[in-house]
Amino acid sequence: VGVLVVQAAIGGARADLPLAVRRLRRWKSRVTIGVLHLLQPVMRLWGRLGYGLHPLKRSASRPRPIFPGTYQRSIWSTEWRSAQERLERLERRMKRLGARVRRGGDFDSWDLEVSGGLLGGARLRMAIEEHGQGRQMARFMLSPALARWTLPLVGGLAAFAAFLSFFDNQIATILLAGVAALSGIRGFADCSGALSVLQAAVDEDRDEASSGALGDRPMQAS
C-alpha cells in the first residue's frame, strides 16, 4: 500500500499543469491526479472480476461436477465429418457452457483442454474409425489434468508442515497442512468441473447424431 501511495504522489507531483492556474487549484489538481492513480488499478481489477476475466471463472450454466477419472465416450454417425470439424463443434459447445478451451499442439497427446480453475482441468483425446459410405465411429477419452504447479504446491506445503512438526510448532504445522489439504481439494474440484463440461459437450453431440441415425448402428461384437 505504501508503494502505491508513493507512486500516486509522484504521479500527481509530476503532472504537467498550466502555470497560469492558481497555486491552490494546482494543488487540488495534483491531489485529484494522485487519487486517480490509486483508483486506476482498483477499477481495472473490479472490471476484470465483473466480466469474469480471472482464472477462477465459473459459469452458472456449467453441468454438475463428476468424480475425476478417465471416461470413454463414442459417437456413431452416418454423416461424415473431418476430425477438425468434430473438434471445432465440440469446442463451440464447451464455450457455450462457459468453459475456457485450449487446443492441443502438433506434439501433444490430447486434442482439447478445458480449464476448471487455477489448479486443474480436463483433457479430451479423439480417434475416428471409418466404416465406409460416410459412416464413422468417433471415440473420445476424457481424463483429468492437474496444473503443473498443483502437485509441487501441495507436496511442498505438506513437506514443510511435516518439517515444522519436529519443532513442536503446532499452529504453523496445522495451518500449512490445512492449506495443503485445501489446495488438493481445490485441484480435485477443478478437474471434476472441467470433466463435467467435456462429458456434457460429447453427450450433446452424441444425442444429436443418434437422433438422426437411429436404427443404423454397427453391430457390437460379443
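Which residue in β4 stands opposite Leu112? Leu124 of β4 holds that position. The close-up views below come from a predicted model, in which local features need pLDDT of at least 70 and side-chain atom pairs count only at pLDDT 80 or more, while totals for chains, interfaces and linings use all residues. Residues are numbered from 1 along each chain as its sequence is written, and side-chain values use heavy atoms, with hydrogens and water left out.

**View 1**
Helix α1 spans residues 2-13; helices (H or I, at least four residues) and strands (E, at least two) are DSSP runs, numbered from the N terminus. The 12 residues of α1 reach 16 Å from the first C-alpha to the last, close to the 16 Å expected at 1.5 Å a residue, where the expected span is 1.5 Å times one less than the number of residues. Ala8, Gly11 and Gly12 of α1 are buried. They lie on the same side of α1 because they cover an arc of only 95° around the axis, the arc being that of the directions from the helix axis to the C-beta atoms. Buried means under 20% relative accessible area, exposed over 50%, and partly exposed in between (1.4 Å probe, protein chains only). The exposed residues Val3, Gln7 and Ala13 are carried on the face turned away from the buried side of α1. The buried residues of α1 pack against α2 (23-50).

Helix α3, residues 83-96, has 14 residues and reaches 20 Å between its first and last C-alpha, close to the 20 Å expected at 1.5 Å a residue. Its buried residues are Arg86, Leu87, Arg89, Leu90, Glu91, Arg93 and Met94. Glu91 counts as buried because its relative accessibility is 7%. Not counting residues up to four places away in sequence, Glu91 touches Val101, Arg103 and Leu112; contact means heavy atoms within 4.5 Å. Gly98, which follows α3, has a positive phi near 90°.

Strand β3 (residues 112-115) and strand β4 (residues 120-130) pair in the antiparallel sense over 4 bridges; two strands pair if DSSP finds at least two bridges between them. A hairpin with 4 residues joins β3 to β4. Strand β5 (residues 136-146) pairs with β4, also in the antiparallel sense, over 11 bridges. Within this pairing, Ala122 stands opposite Pro144 in β5. The hairpin of β4 and β5 has 5 residues between the strands, and Gly132 there takes a positive phi near 80°.
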